[in-house]
Amino acid sequence: MKEKHMDNCIFCKIATGAIPSDKVFENDEILAFRDIHPAAPVHVLIIPKQHIANLSECDDSHAGLLGRMLALVPKLAVQEACDIQSDSEGNLSGGYKTLINSGPDSRQEVYHLHVHMIGGSRPWRENI
Ligand code: 5GP
Ligand code: ZN
């Protein structure tokens, strides 16, 4: 896959390794790493290696990539021990929030598409 990177984009620099990150998953098209300011015990960002600013730049041609990014979430939840558990009486525990910010009203800070996976024992930061 041809990868396009933006010179002034911090997540492009993380994708190329120019800026270090605490990686939890990597393949040819996707990287997942820990958020530098975690909002909860588990806070992972899943990014495409190619530069896409946000969901507003996506169309049907991105469906496969977006699907693979989301399909990674439950695998990372198991890896990070925040997946959903059920006890012998069927009571559920664990779980995670999955979030994609796009544009100013969402308060997107970094304009390189990313899926937040936020989980672990509460309390979490307010307003997440
Ligand atoms: P947004 O508000 O754009 O959805 O979220 C951007 C996230 O990226 C924030 O949670 C912020 O803490 C995280 N972040 C910003 N810069 C860096 C960085 O250099 N390294 C890492 N690991 N996370 C970052
Ligand atoms: Zn970028």
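1. Cysteine 9 and histidine 112 are both buried, where buried means under 20% relative accessible area, exposed over 50%, and partly exposed in between, with a 1.4 Å probe and protein chains only. The model is a predicted one, in which local features need pLDDT of at least 70 and side-chain atom pairs count only at pLDDT 80 or more, while totals for chains, interfaces and linings use all residues. Residues are numbered from 1 along each chain as its sequence is written, chains are lettered from A and ligands numbered from 1 in the order in which they are written, and side-chain values use heavy atoms, with hydrogens and water left out.

2. Which residues coordinate the zinc ion (ligand 2)? The donors are Cys9 (SG), Cys12 (SG), His51 (ND1) and His112 (ND1), at 2.0 to 2.3 Å. Donors are N, O and S atoms within 2.8 Å of the metal (3.2 Å for Na, K and Ca); water is not among the atoms, so sites may look incomplete. The spacing of the donor residues of this zinc ion in sequence is C-x2-C-x38-H-x60-H. Cysteine 9, in the segment before helix H1 (10–16), and histidine 112, in the loop between strand E6 (96–99) and strand E7 (115–119), are 103 residues apart, and the pair links distant parts of the chain. Helices (H or I, at least four residues) and strands (E, at least two) are DSSP runs, numbered from the N terminus.

3. The site of the zinc ion (ligand 2) is tetrahedral, with angles of 105 to 115 degrees among its four donor atoms. Four donors count as tetrahedral if all angles lie between 85 and 135 degrees; four count as square planar and six as octahedral if opposite donors are over 155 degrees apart and all others between 65 and 115; anything else is irregular.

4. One aromatic pair is found in a search of the whole structure. Phenylalanine 11 and phenylalanine 33 form this pair, which is edge-to-face, with 5.4 Å centre to centre and 85 degrees between the planes. Rings of Phe, Tyr and Trp (its six-membered ring) pair if their centres lie within 6.5 Å; planes under 30 degrees apart count as stacked, over 60 as edge-to-face and the rest as tilted. Phenylalanine 11 lies in helix H1 and phenylalanine 33 in strand E2 (residues 30–34), 22 residues apart. Phenylalanine 11 counts as buried because its relative accessibility is 7%, and phenylalanine 33 because its value is 3%.

5. Strand E2 is largely enclosed by the rest of the structure, because four of its five residues are buried. Strand E1 (residues 23–26) pairs with E2 in the antiparallel sense over three bridges; two strands pair if DSSP finds at least two bridges between them. E1 and E2 form a hairpin with three residues between them, and phenylalanine 25 has alanine 32 in E2 as its bridge partner. E2 also runs antiparallel to strand E3 (residues 42–48), joined to it by five bridges.

6. Is strand E7 mostly covered or mostly uncovered? E7 is mostly covered, since five of its five residues are buried. Val115, Met117 and Gly119 on one side and His116 and Ile118 on the other are all buried. E7 pairs in the antiparallel sense with E3 over five bridges and with E6 over four.

7. The largest nonpolar core has 18 residues, and those with the most contacts inside it are Ile30, Ala32, Val44, Ile46, Met69, Leu76 and Met117. The elements giving two or more residues to this core are E2, E3, helix H2 (63–79) and E7, and H2 gives the most, with six residues. A nonpolar core is a set of buried Ala, Val, Leu, Ile, Met, Phe, Trp, Tyr and Cys residues joined through side-chain atoms within 4.5 Å.

8. Some backbone details deserve attention. Most residues other than glycine have a negative phi, and most peptide bonds are trans. The peptide bond from arginine 122 to proline 123 is cis, with omega near 15 degrees. Proline 123 lies in the segment after E7 and is exposed, with a relative accessible area of 73%. Arginine 107, in the loop between E6 and E7, has a positive phi near 65 degrees and counts as exposed at 72% relative accessibility.
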